[in-house]
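I opened my notebook to go through this structure.

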Amino acid sequence: MGQPLDLRSESVDVRVNEPFNPLPLGVGLVVALCVLLAGLWRVKRRSAAREAVAAKNAAENALRERMMVLKQRVNTADSREWLLELESICKEYVADKFGMAASAVNLDNLVKEGKLEGWETLVEEFAHARYGGGKRDGFENRETWKGAMTLMGISEEN
């Protein structure tokens, strides 16, 4: 056939849109979520640390208050009862320090194990009071009180 053929068609507009890639959006959301969770975790840790410090300060203030009341009674109280009360305060301090129950604290054993350095004379005075210690002068009790305050790291001022 040898004849040329001319074909014509109507023009059709073809529009190609950019493809949507969800990866950057997904990564951005994951990073934003991680930053948000890290911020919340940090706030929670800070508040827990603040609460722990507040609880520690409250315990120290209560201990200081009990020691100050004991100091006021040093000249009027029976020395044996006074020493036994000082022993109970020291046991509470040691229980808080080592995270034990106050009833489970045995100062004699802790001194023998070397966990309470410098407490030897104080523990001996407690044992003397427990096993029928005699009358002591208020000055002696005041010196015992000062030694206990030093060993527990408590100052008279707030």
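I began with the surface. Leu23, Val27, Val31 and Val35 form a nonpolar patch there, with about 370 Å² of accessible area together. I noted the patch rule: residues with over 30% relative accessible area and no salt bridge, with like charges joined within 9 Å and nonpolar side chains (Val, Leu, Ile, Met, Phe, Trp, Tyr) within 5 Å. Areas come from the Shrake-Rupley method with a 1.4 Å probe, and for residues only the protein chains shown count as cover.

I wrote down the model's terms next. This is a predicted model, where local features need pLDDT of at least 70, side-chain atom pairs count only at pLDDT 80 or more, and totals for chains, interfaces and linings use all residues. Residues are numbered from 1 along each chain as its sequence is written, and side-chain values use heavy atoms, leaving out hydrogens and water.

I looked up Leu23 itself. Leu23 sits in helix H1; helices are DSSP runs (H or I, at least four residues), numbered from the N terminus. At 57% relative accessibility, Leu23 is exposed. The cut-offs are under 20% for buried, over 50% for exposed, and partly exposed in between.

I then checked charge. Arg42, Arg45, Arg46 and Arg50 gather in a positive surface patch. Lys and Arg count as positive, and the place of an Arg charge is taken as CZ. Arg46 belongs to helix H1, residues 23–72, and is partly exposed at 45%.

How many salt bridges does the structure hold? I found seven, each a side-chain nitrogen of Lys or Arg within 4 Å of a carboxyl oxygen of Asp or Glu. Glu92 and Arg66 meet in one of them, at 2.7 Å, N to O. Glu92 is in helix H2 (residues 79–98) and Arg66 in helix H1, so the pair ties together parts 26 residues apart in sequence.

Glu87 pairs with Arg130, the closest N and O atoms being 2.1 Å apart. Glu87 lies in helix H2 and Arg130 in helix H4 (residues 120–130), so this pair ties together parts 43 residues apart in sequence. Is Glu87 buried or exposed? Glu87 is buried, at 6%.

I finished in helix H5, residues 138–152, where I found Thr144. Thr144 is buried, with 6% relative accessible area. Its contacts (heavy atoms within 4.5 Å) include Leu83 and Arg136, not counting residues up to four places away in sequence. Leu151 is also in helix H5, and is partly exposed at 28%.

Methods
Helix = DSSP H or I, 4+ residues; strand = E, 2+ residues; numbered from the N terminus. Buried < 20%, exposed > 50% of the residue type's maximum accessible area, 1.4 Å probe, protein only.
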